Each structure stands twice: as structure tokens, then as C-alpha cells.
Amino acid sequence: MNRPNRTTAVTALLVAVSALALWIPPLRAQAAPDAQKAVDAAYAKFKTLKEGKNADYIPALAKVDPNLFGIALVTTDGKVYSAGDLKTEVSIQSISKVFTMAQVIQEQGLDSIEKRIGVDATGARFNSIIAVEAVKVVQGTGAPEMNPLVNPGAISATSMVKGASADEVWKKIIGFHNDAAGRSLNVLQDVYKSESDTNQRNQAIGALMLAYGYIKTNWQQAVDLYTRQCSIGVNARDLATMAATFAAGGRNPVTGKQVMDAAKVPGVLAVMATAGLYDDSGKWLYHTGLPAKSGVGGGIIAVSPGKFGIAVISPPLDDAGNSIRAQRAIADISNALGGNPYAAARKSGS
Ligand code: DON
């Protein structure tokens with residue numbers, strides 16, 4: 001008597017559960033259109049924005065099309081959302097500073113960068129020589145209060161990558177960038193030549209850093225390799241994948257390769273948060289909460305830890321040397337998706 005009833009009840013339950021499963025939209029599927037919608041909305045909103053000016057102190061950068069505009073967002077589970085130009089490569093410029101710093105941290109530990117270069121914001125322009133002269137030194141340890149994202153600190157970080165020859169050091173630098181991007185990147189030779197011909201200021205900084213003992217080896221080699229790393233060609237998708245590698249705890253979410261130890265990533269993100277947009281880093285963090293890094297080629301990367309990496313390429317810059325459209329687009333998209341790591345998780349609909 002009981003058996004048919006129990007079977008009926010179980011069948012009814014199964015039917016109800018299947019109906020519910022069909023009815024409840026899976027969370028992933030819900031997030032996907034949101035991300036694409038946010039990317040599309042920012043692209044449409046800022047496509048015609050005409051503020052700012054290409055960098056021209058490196059002559060090759062002045063020739064890049066100022067209308068170039070590409071957005072890419074890569075989630076920590078490897079999904080890619082994009083709009084605009086994803087193919088055209090620009091030089092990575094100062095964004096490379098993050099990856100060379102990360103490489104030194106990976107190879108030599110978090111202390112290495114803190115003791116030799118420092119992890120404090122200078123509040124000065126990225127190529128300030130006065131900042132080198134005025135740097136405070138921690139009593140006892142002799143550690144300068146600088147950071148690896150301004151030119152003096154970045155040239156020093158490049159000088160710290162170990163290798164018996166310039167070629168060996170370069171292979172490690174480009175290798176780390178390749179692993180984070182998930183493909184083989186190339187140096188844009190016209191940019192490298194243009195910057196090498198006009199980088200007397202960075203040469204002066206390199207020599208000064210040697211004089212102060214922050215660079216221990218060949219400063220000319222360090223400046224040359226730094227110039228080469230700044231000339232690496234990247235598109236918006238490359239940059240977003242590189243940012244997503246940090247968002248995913250050092251694992252490239254597209255290739256699955258663990259590029260750096262997860263435990264070392266927060267140190268990298270902290271320096272990006274405090275100094276990634278130079279003297280405008282505070283304002284940027286105030287509005288987005290995102291560790292980020294800009295380059296004078298027009299790219300900006302930003303990291304929402306555990307969620308996504310995002311990148312925008314648009315060459316016209318503001319006075320601090322940061323792409324205007326990239327800042328606006330990233331802020332809009334991240335805020336639409338709840339990317340600010342300082343904000344408590346939102347409940348849907350709130
Ligand atoms: O050393 C320079 O001046 C350039 N290669 C890089 C500067 C840069 O990208 C500053 N970023 N906003």
C-alpha cells in the first residue's frame with residue numbers, strides 16, 4: 001500500500017527539483033551578461049571622449065593613433081569579456097615595472113624589494129630626479145623610502161634580476177611577461193629605438209642610483225633592459241590576462257600556469273595600490289579601491305582580487321601620465337560589477 005505512494009512522492013519531488021533547477025538562473029550565467037553589459041556600456045560612454053594627449057617625450061608614442069580604444073576583462077575562472085580594439089599592440093611602458101618587481105619578489109622574496117628600493121609612495125612624478133635626492137632612508141636598515149614603480153626604483157628592480165649576461169636577464173624578464181600574458185610577446189623595435197635615443201634622463205637616474213648604492217651592478221645594462229621591457233608590445237587582452245594572473249593568486253586563469261607564488265601576490269598588489277598611478281594613486285584608490293598600474297603607452301591594468309583583471313588601452317594621457325579613458329572606463333566597469341575589494345559583498349538587489 002505504502003510503496004506506490006512513496007514512489008509517487010519521490011517522483012513528484014524529482015519533478016519539482018528539476019523544475020526549480022530550470023527556473024533558477026545559474027549564478028555564472030547571470031554574471032556573464034552583467035560583465036559584458038558593463039564593458040559595452042563603458043565602451044559606448046567613452047568612445048567619443050577626446051580629452052588628454054599622447055605622451056610625446058618618447059617620439060614614437062606621439063605617432064600612435066589617439067583614437068585606439070580597447071577594453072578587456074578576464075575573470076579568475078578564465079572568461080574573457082571585451083569591446084573595441086583587441087588586436088592593436090601598444091608598448092607596455094611602466095606596466096612592465098609591476099612584472100619585473102613581481103619577478104624579483106618571486107625570485108628573491110618580499111624583503112628583497114623592500115630593503116633595496118622601498119615600498120613607499122614618493123608622491124612625485126614617475127621620472128623625478130628630485131625624488132631620488134630627497135629620498136628618506138630608514139635608520140638602521142638603510143632602506144630607502146621609494147618604490148619599484150617609479151623610474152629610479154624600476155631601473156633598480158631590473159638591475160636586481162639575476163643572470164650571468166644581459167641576454168640571460170632579458171630571457172627571464174620577457175619570460176615572466178609571457179607567462180602572465182599567456183603568449184609570446186615581442187619588443188616593438190620602433191619604440192625601443194625611439195626611447196633608447198631619447199632616454200638621457202633615465203640614464204642620469206641609473207647613474208645616480210648606482211652612486212647612492214641602490215644599483216649594485218652595471219647601470220647601463222639595467223637602463224637598457226628597462227627600456228626594452230618598456231617597449232614590449234601588448235594588446236588589451238594581453239594586459240587583462242596579466243592583471244587576471246594577479247587576481248587569481250599568481251595563476252594565469254587562461255593557461256592555468258602558476259606564474260608566481262600566491263603568498264607573494266598581496267605584496268605586489270599593495271605597491272600597485274599605493275603607487276600604481278603615481279601622484280594620483282590616492283584619488284584612484286578612493287574611487288575604485290583597485291590596485292592598478294598605468295603606462296605612458298596608454299594602457300592601464302587593474303586587479304579585483306579573486307574576481308577579475310581588467311585592462312584598457314587608450315593613448316591620450318592626463319598630467320600625471322595616466323590614460324584618461326582607461327581610468328574612466330575601468331572605474332565604471334569595476335563599480336558596476338562590485339569590484340572594489342574594500343566594499344563588503346553586496347547582496348543581489350541591494
Ligand atoms: O621610462 C619612461 O619614462 C617610460 N619608459 C615609462 C614611463 C611610464 O610609462 C610612466 N607611466 N605612466
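A polar contact, as the term is used in these legends, is a pair of N or O atoms within 3.5 Å; within protein, one of the two must be able to donate a hydrogen and the other to accept it, and residues adjacent in sequence count only if both atoms are side-chain atoms. The views show a predicted model, in which local features need pLDDT of at least 70 and side-chain atom pairs count only at pLDDT 80 or more, while totals for chains, interfaces and linings use all residues. Residues are numbered from 1 along each chain as its sequence is written, and side-chain values use heavy atoms, with hydrogens and water left out.

**View 1. Asp238 in helix α12.** Helix α12 covers residues 236–247, a helix being a DSSP run of H or I with at least four residues, numbered from the N terminus. Asp238 counts as buried because its relative accessibility is 5%, where buried means under 20% relative accessible area, exposed over 50% and partly exposed in between (1.4 Å probe, protein chains only). Leaving aside neighbours within four places in sequence, Asp238 is in contact (heavy atoms within 4.5 Å) with Ala181, Arg183, Leu185 and Gly233. Although Asp238 and Ala180 are 58 residues apart in sequence, their C-alpha atoms are 8.3 Å apart in space.

**View 2. Lys216 in the loop between α10 and α11.** This loop joins α10 (200–211) and α11 (219–230), and Lys216 counts as exposed because its relative accessibility is 58%. The side chain of Lys216 reaches the backbone oxygen of Gly213 at 2.9 Å, and, not counting residues up to four places away in sequence, Lys216 touches Arg116 and Leu210.

**View 3. Ser128 in the loop between α5 and α6.** With a relative accessibility of 11%, Ser128 counts as buried, and its side chain reaches the backbone nitrogen of Ala131 at 2.9 Å. Beyond its neighbours within four places in sequence, Ser128 is in contact with Pro152 and Arg201.

Methods
Helix = DSSP H or I, 4+ residues; strand = E, 2+ residues; numbered from the N terminus.
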